[in-house]
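Here is a note for a colleague who is opening this structure for the first time. The points below are numbered and can be read one by one beside the view.

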Amino acid sequence: MESTSAANAGEALFRPVRTGNAFEETVERLLQAIRLGVVGAGERLPSERELAERLGVSRVTLREAIRALSDAGYVESRRGRYGGTFVNENLPEPGHPVGERPVVALEDALSLRYVLETGAAELAAARSLSPADRQHLTSTLADASASDLADYRRKDSRLHLAIAEVTASGSLTTAMADARTRVNQLLDRIPLLEPNLEHSNAQHEEIVDAILAGDPVAARRAMAEHIEGTASLLRAFL
């Protein structure tokens, strides 16, 4: 039987996630529970049905999150009467940014990215874009959407930089490139998760559509939601 403190911690961690980034936040909640020892090494996670209900996500989303954690070496699934999803005895070590305290480096990079990228999306949507600007956005979006896993990070970065480029602010584009370099160094320390990439592609399309429609509020909101999904994964794994 789990202790009262463990049960309370589980209630706090296994609370409903926001629907905008359900997969990413589900991964984050599960990893928090594992890293904080709410579900200890060798212990079984709550049942799929219970977890899905408590997190407020579909069982498909939950299974994708558990599969991602299994691929990353955090849990294993066992069949049979006493089966379920169990936390591995030996967990992967978190990847740490070099030369800085991990939490400080992570939060600093995420804060800078949030300010720059939401602002860039808003500014791009507020401009009267030239045909060349519009083509630049649609072509880089298509490249990112069609990219395979091996080349995804580069194509993803290229799209985000394209958004800064169509603002016509060279200083903003330079700052975005610097910030993106820092973020990519962090992203390189976590696994590429296919459900997250599919979700990111859908969010990319929403961002670009809002920019092309000249809707700054929608563009900023869509970018913020997109960035928060990535931030959830980075905080979970790092």
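**Notes on cavity, pocket and packing**

1. Helix α7 gives the most to the lining of the largest cavity, with 4 residues. Helices here are DSSP runs of H or I with at least four residues, strands are runs of E with at least two, and both are numbered from the N terminus. The model is a predicted one, in which local features need pLDDT of at least 70 and side-chain atom pairs count only at pLDDT 80 or more, while totals for chains, interfaces and linings use all residues. Residues are numbered from 1 along each chain as its sequence is written, and side-chain values use heavy atoms, with hydrogens and water left out.

2. How many cavities of 30 Å³ or more does the structure hold? It holds 1, and the largest cavity has a volume of about 170 Å³. On a 1 Å grid over the protein atoms alone, a cavity is a set of points where a 1.4 Å probe fits but cannot get out, whereas a pocket is an open set with protein on both sides within 12 Å along at least five of seven lines, and lining residues have an atom within 4 Å of a point. Grid points are joined across faces, edges and corners, and a volume is the space filled by probe spheres set on the points.

3. The lining of the largest cavity has 17 residues, and Arg-153, Leu-187, Asn-196, Leu-197 and Thr-230 are the ones that lie nearest its centre. Two or more residues of this lining come from each of α7 (149-165), α8 (170-187), α9 (194-212) and α10 (216-237). By class, the lining of the largest cavity divides into 8 nonpolar, 5 polar and 4 charged residues, where Ala, Val, Leu, Ile, Met, Phe, Trp, Tyr, Cys and Pro count as nonpolar, Asp, Glu, Lys and Arg as charged, and the others, Gly among them, as polar.

4. Thr-230, found in helix α10, counts as buried because its relative accessibility is 12%; buried means under 20% relative accessible area, exposed over 50%, and partly exposed in between, with a 1.4 Å probe and protein chains only. Leaving aside neighbours within four places in sequence, Thr-230 is in contact (heavy atoms within 4.5 Å) with Arg-113 and Leu-187.

5. Helix α10 also holds Ala-219, which is buried with a relative accessible area of 0%. Residues up to four places away in sequence not being counted, Ala-219 touches Ala-121, Ala-125, Ala-210 and Ile-211. From Gly-42, Ala-219 is 177 residues apart in sequence and 44 Å apart in space, C-alpha to C-alpha.

6. Is Ala-168 buried or exposed? Ala-168 is exposed, with a relative accessible area of 58%.

7. The largest pocket has a volume of about 300 Å³. Its lining consists of 16 residues, with Glu-48, Ser-77, Arg-78, Gly-84 and Thr-85 nearest the centre. The elements giving two or more residues to this lining are α3, α4, β1 (75-78) and β2 (84-87), and α4 gives the most, with 3 residues. The lining of the largest pocket divides into 4 nonpolar, 6 polar and 6 charged residues.

8. Helix α3 (residues 48-55) and helix α4 (residues 59-71) pack at an angle of about 110 degrees, with their axes 9 Å apart; axes are lines fitted to C-alpha atoms, for helices over the stretch in contact, and angles run from 0 to 180 degrees between N-to-C directions. That angle makes α3 roughly perpendicular to α4, since angles of 65 to 115 degrees count as roughly perpendicular, those under 35 as roughly parallel, those over 145 as roughly antiparallel and the rest as oblique. Glu-48, Arg-49, Leu-51, Ala-52 and Leu-55 of α3 make the contact with Arg-59, Leu-62 and Arg-63 of α4, which gives 4 nonpolar, no polar and 4 charged residues by class.

9. Ala-52 has its place in helix α3 and counts as buried at 6% relative accessibility. Not counting residues up to four places away in sequence, Ala-52 touches Val-57, Ser-58, Arg-59 and Leu-62. Thr-61, in helix α4, counts as buried at 15% relative accessibility and, with the same exclusion in sequence, touches Ala-22, Phe-23 and Thr-26.
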